[in-house]
Amino acid sequence: MTPTDIPQATAPITQDVLTLPRKMPEGGDGRINIIGLTRDQLRAALIDAGTPEKQAKMRVGQVWQWVYHWGVRDFGQMTNLAKDFRALLAEKFEIALPEVVTKQVSRDGTRKYLVRIAGGHEVEVVYIPEEGRGTLCISSQVGCTLTCSFCHTGTQKLVRNLTAGEIVGQVMLARDDLGEWPVQGAPKDETRLVSNIVLMGMGEPLYNFDNVRDAMKIVMDNEGIALGRRRITLSTSGVVPEIARTAEEIGCLLAVSFHATTDEVRDKLVPINKKWNIATLLAALRTYPNLSNSERITFEYVMLQGVNDTKEDAYRLIELIRGIPAKINLIPFNEWPGAPYKRSSGNRIHAFADILYNAGYATPIRTPRGEDIMAACGQLKSATERARKSKTRPEGETGL
Ligand code: SAH
Ligand code: SF4
């Protein structure tokens with residue numbers, strides 16, 4: 001099997017999620033980047049590079065541990081490998097992460113990284129430290145094909161999907177910055193700085209399914225970063241045909257950008273609803289927890305003044321999701337310049353939350369974090385873009 005023909009034919013292919021054949025990620029000099037290769041792909045690539053087939057599995061395990069458990073970036077440091085094998089690795093492979101262009105640290109400890117990927121495109125990664133956990137919000141695409149009317153990313157065209165390596169790379173560079181790789185010989189430290197991952201940055205992860213899956217498999221692999229599947233939450237706007245696959249092939253927790261309780265309103269807020277409406281989405285969600293054995297689905301609900309924030313909405317939401325193990329995450333709208341909506345008042349948000357809470361649902365209201373560095377959902381990239389645009393445009397004409 002060559003690295004490029006890992007079988008994928010068993011997955012249903014719909015028109016929207018056609019899987020394009022993927023090229024081996026190569027650096028400028030023809031070396032293959034190890035980051036992002038699945039175990040099978042790495043094995044095939046090692047054999048291609050001249051590793052005897054009999055040794056290949058063991059070699060994969062060794063290289064894997066160095067790269068994903070110890071965080072080593074230099075083949076020369078892989079001390080349990082023979083010198084000539086290390087030389088072969090250095091000649092044919094590289095260990096390359098996306099480049100951190102800027103890092104901002106908020107007063108509340110939230111960190112935001114602007115990360116440059118091949119082609120000069122940029123995405124943002126946000127680290128949110130909380131009591132007893134640290135959540136890393138990562139991106140799956142540059143821009144988005146969908147056009148949710150309240151989302152700043154939705155105003156930016158899709159530039160491209162991130163590769164599996166660029167997705168895993170976001171996790172690795174956050175660990176670099178936090179100094180989280182284990183130190184050889186030091187006592188084992190079980191505290192996790194990046195303890196949770198949310199795919200809630202830029203892009204629709206289920207429109208980049210294969211790369212997101214491969215990246216999350218690497219993150220979950222026990223011989224490496226080893227984050228449990230329940231520590232990963234994938235947020236989708238509702239790409240129904242990929243929901244069952246998410247349960248089967250990734251097995252992580254699911255969050256859904258629900259945001260409305262009638263098709264009429266959801267059509268406007270989350271236009272993918274015109275393709276897969278509320279009833280179709282809910283039917284897919286009802287099967288998810290059994291498939292993935294996960295506890296609850298998170299329903300994300302952005303609070304928009306006068307649009308989706310009435311008591312009637314709250315009661316309708318309860319009726320709609322009845323029977324689904326759920327928690328409801330209320331997100332006060334993060335306003336961005338030119339946005340066609342306003343954030344609901346605090347009173348409205350609390351009244352809405354109370355109704356859901358009294359119906360038995362955990363209803364956290366997302367507290368804005370990292371506001372001084374514009375690190376909130378739907379604002380990723382916008383601050384950076386704004387800064388850049390304001391250099392070239394007169395004030396009041398930011399083009400956003
Ligand atoms: N594309 C995926 C994941 C990225 S968006 C999705 O839509 O689910 C992550 C979450 O932030 C989603 O629930 C999204 O609806 C929400 N969001 C986007 N823009 C926002 C804004 N301006 N204010 C509050 N939440 C926003
Ligand atoms: Fe894309 Fe999600 Fe934003 Fe909708 S909310 S435009 S799916 S990133």
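**Helix packing**

I began with helix H1, residues 39–48, and helix H2, residues 53–69, and found that they pack at an angle of about 125°, their axes lying 9 Å apart. I keep in mind that this is a predicted model. I noted that H1 and H2 are therefore oblique to each other, and that the crossing in which H1 passes H2 is right-handed.

Next I looked up which residues make this contact: from H1 they are Arg39, Leu42, Arg43, Leu46 and Ile47, and they meet Glu53, Ala56, Lys57, Arg59, Val60, Gly61, Val63 and Trp64 of H2. Sorted by class, the contact of H1 with H2 holds seven nonpolar residues, one polar residue and five charged residues.

**Ligand 1**

I then turned to ligand 1, which has 20 residues around it, and wrote down that Gly203, Ser235, Ser257, His259 and Asn334 come nearest. For Ser257 I found a polar side-chain atom 2.6 Å from an oxygen atom of the ligand. In Glu300 an N or O atom of the side chain is 3.0 Å from an oxygen atom of ligand 1, whereas in Thr236 a backbone N or O atom lies 3.5 Å from an oxygen atom of ligand 1.

**Ligand 2**

Which residues are around ligand 2? I listed Cys144, Leu146, Cys148, Cys151, Gly154, Gly203 and Ser237, and this shell divides into four nonpolar residues, three polar residues and no charged ones.

How values were computed:
Residues are numbered from 1 along each chain as its sequence is written. Chains are lettered from A and ligands numbered from 1 in the order in which they are written. This is a predicted model: local features need pLDDT of at least 70, side-chain atom pairs count only at pLDDT 80 or more; totals for chains, interfaces and linings use all residues. Side-chain values use heavy atoms; hydrogens and water are left out. Axes are lines fitted to C-alpha atoms, for helices over the stretch in contact, and angles run from 0 to 180 degrees between N-to-C directions. Helices (H or I, at least four residues) and strands (E, at least two) are DSSP runs, numbered from the N terminus. Angles under 35 degrees count as roughly parallel, over 145 as roughly antiparallel, 65 to 115 as roughly perpendicular and the rest as oblique. A crossing is left-handed if the near helix is turned anticlockwise from the far one by less than a right angle, and right-handed if clockwise. Contact means heavy atoms within 4.5 Å. Ala, Val, Leu, Ile, Met, Phe, Trp, Tyr, Cys and Pro count as nonpolar, Asp, Glu, Lys and Arg as charged, and the others, Gly among them, as polar. A residue is near a molecule or strand if one of its heavy atoms lies within 4 Å of it. A polar contact is a pair of N or O atoms within 3.5 Å; within protein, one must be able to donate a hydrogen and the other to accept it, and residues adjacent in sequence count only if both atoms are side-chain atoms.
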